[in-house]
Amino acid sequence: MQPIRLLDAYKDIKYARLKGEKNEVFFNVEFDEGKFYPTDNGYVLMANVIKYTGVVRAYKPELPIETGVCAIPFYSNEYELWEKDKEGKSSPRKCQPSLYERNLCAHIALEFPEDKYFKGSISFLPDVQLTNLTDEDVINTIKRNCLLEEVAPSGNLPEYQATSSTYKKTNGYNRLTPADKATWVKKELCQSVKESGYNEEMSLADLTEQFVVEHQENETFLALYFDLLKAILA
């Protein structure tokens, strides 16, 4: 597993970006101003980063990391990373979000409004540190490692410019159709249901019922999960 990599600002993209899978790595970011932007498969934190831990430069890794404005994505469901092969040809690779970032998305949906700005630090933990925890312990772990407080916007933080036409936000951005939303929810539930044999051809009601049955002993987790779905699809 490669470390999280920092891509410098380049041409029309005026800010740095973090890239990489988070399932097996630890890293931390500290920032003095940041804002969360919801996307179709999670969130992007647009922040003025003042310190990185566990991050390397994507190009010329021997040089020191430069701080500043950076877009930091984290995902609630399957996503793609574009990578180059030995011949320099780029192609997408499907990836699954880490346990930590999936739960972090739920925490953000509940605690940190889109129109507010925050400062603080977020540590991302590898799956091995969450695998055997109860749902309640996972939530408490998220809270201990996501330490943010609201701040007044400085006016210096640029807005995140989504590269996908499906970025879901009002005021000029395209929205998913109701059919697209239903398809997305089915896909998410199929990935989350533990019992085999469930697929996207089944009804949304049956998929939801099975998911609830599997987690009926933890009402807190169910509430967080469905609040996250509502936040993403809003």
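Reply: The model is a predicted one, and a search for disulfides in it comes to a count of 0.

The part to look at closely is the pair formed by helix H4, residues 204-214, and helix H5, residues 219-233, which pack at an angle of about 145° with their axes 10 Å apart. On the side of H4, the residues in this contact are Thr208, Phe211 and Val212, and they meet Phe221, Leu222, Tyr225 and Phe226 in H5.

The ring centres of Phe211 and Phe226 lie 5.8 Å apart and their planes stand at 85°, so the pair is edge-to-face. This pair links distant parts of the chain, since Phe211 belongs to helix H4 and Phe226 to helix H5, 15 residues apart. Phe211 counts as buried because its relative accessibility is 1%, whereas Phe226, at 24%, counts as partly exposed.

In the whole structure, a search finds 15 aromatic pairs, and another of them joins Phe36 and Tyr43, edge-to-face, at 6.5 Å centre to centre with 80° between the planes. Both Phe36 and Tyr43 are buried, and they belong to one aromatic cluster together with Phe27, Phe74, Tyr100, Phe112, Phe118 and Phe124.

Then there is the sheet, an open one of 8 strands with mixed pairing, whose order is S5-S1-S2-S6-S4-S3-S9-S10. Its edge strands, each of which pairs on one side only, are strand S5 (55-57) and strand S10 (146-151). On average, neighbouring strands of this sheet are turned by 35° against each other, direction ignored. Strands of a sheet pair through backbone hydrogen bonds, either parallel or antiparallel. Here strand S4, residues 42-53, and strand S6, residues 68-75, pair in the antiparallel sense over 8 bridges, and Val44 stands opposite Pro73 in S6. Helix H2, residues 135-145, packs on the sheet, where it touches strand S9 (117-124) and S10, and the direction of H2 makes about 55° with that of S10.

How values were computed
Residues are numbered from 1 along each chain as its sequence is written. This is a predicted model: local features need pLDDT of at least 70, side-chain atom pairs count only at pLDDT 80 or more; totals for chains, interfaces and linings use all residues. Side-chain values use heavy atoms; hydrogens and water are left out. A disulfide is a pair of cysteine sulfur atoms within 2.5 Å. Two strands pair if DSSP finds at least two bridges between them. Helices (H or I, at least four residues) and strands (E, at least two) are DSSP runs, numbered from the N terminus. Axes are lines fitted to C-alpha atoms, for helices over the stretch in contact, and angles run from 0 to 180 degrees between N-to-C directions. Contact means heavy atoms within 4.5 Å. Rings of Phe, Tyr and Trp (its six-membered ring) pair if their centres lie within 6.5 Å; planes under 30 degrees apart count as stacked, over 60 as edge-to-face and the rest as tilted. Buried means under 20% relative accessible area, exposed over 50%, partly exposed in between (1.4 Å probe, protein chains only).
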